[in-house]
Amino acid sequence: MAITVESQKRPEGSKPRALRRSGLIPANLYGHKGTESISLTIDAKTVERLLKRASVNNTLIDLNVTDAPWRGKALLRELQIHPAKGTPYHLSFFAVAGHGDTTVEVRLRFVGTAVGVKQEGGVLDTVITELQVSCAPENIPDVIEIDVSNLQIGDSLSISDIPFPEGVTPLAESERLVVSVLPPQISTDDVEAETETASEAK
């Protein structure tokens with residue numbers, strides 16, 4: 001996913017609250033040069049568009065600091081949301097060039113309909129829907145698909161059962177449960193009906 005974000009260096013002495021009132025969101029870029037960081041501002045509308053397409057610790061962004069000058073690939077590492085307004089009020093980016101493999105969160109997508117659900121009335125139980133992996137920045141997958149079509153009631157898939165793309169390494173334990181098919185759920189009404197039937201039979 002190619003996303004380009006334009007930003008500017010934050011003026012020294014500027015107040016975050018004043019910046020937000022003027023339609024700018026404070027941000028930081030780090031990882032580009034040792035422990036140094038650059039204080040930035042990004043137009044609020046640009047941030048709004050970015051957040052519709054990007055996810056924290058997942059999406060590679062082409063970040064352009066127009067007056068630094070600096071341009072390179074970065075991950076959105078942190079997003080702070082105003083607790084009352086629900087709007088973004090600070091972002092942190094991490095420059096990935098020269099750092100080797102990086103740790104990201106990748107969404108899991110379950111595809112197909114399990115046999116145990118379709119034919120046996122079971123329930124698909126997705127234990128985790130996101131997974132932390134390590135990979136090179138250029139290999140970050142948008143999503144990892146898991147085919148559950150062949151799962152019957154009682155079957156399950158763990159981390160070790162998932163075919164990961166080349167160069168993508170899961171950081172969770174291989175035995176960790178990802179998805180399973182549970183037996184049909186019996187409602188309270190069904191239990192009461194069975195009890196009444198048994199009582200009448202007596």
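A salt bridge here is a side-chain nitrogen of Lys or Arg within 4 Å of a carboxyl oxygen of Asp or Glu. The model shown is predicted.

**View 1. E145 and R109 form a salt bridge.** The side chains of E145 and R109 meet at 2.9 Å, N to O. That falls within 4 Å, so the pair qualifies as a salt bridge. E145 sits in strand 10 (residues 143-147) and R109 in strand 7 (residues 102-111), so the contact ties together parts that are 36 residues apart in sequence. E145 is partly exposed, at 45% relative accessibility. R109 is also partly exposed, with a relative accessible area of 35%.

**View 2. R71 and D62 form a salt bridge.** N and O of the two side chains lie 3.2 Å apart. D62 counts as buried, because its relative accessibility of 17% is under the 20% cut-off. By the same rule as in View 1, the count of salt bridges comes to two. Side chains of opposite charge can pair when their charged atoms come close.

View 3. Strand 10 carries E145, and strand 7 carries R109.

**View 4. Strand 7 pairs with strand 9.** Strand 9 covers residues 130-135. Its pairing with strand 7 is antiparallel and runs over six bridges. V106 has L131, in strand 9, as its bridge partner.

How values were computed: Residues numbered from 1 in each chain as written. Predicted model: local features only at pLDDT ≥ 70, side-chain atom pairs only at ≥ 80, totals over all residues. Heavy atoms only, no water. Buried < 20%, exposed > 50% of the residue type's maximum accessible area, 1.4 Å probe, protein only. Helix = DSSP H or I, 4+ residues; strand = E, 2+ residues; numbered from the N terminus. Pairing = 2+ DSSP bridges.
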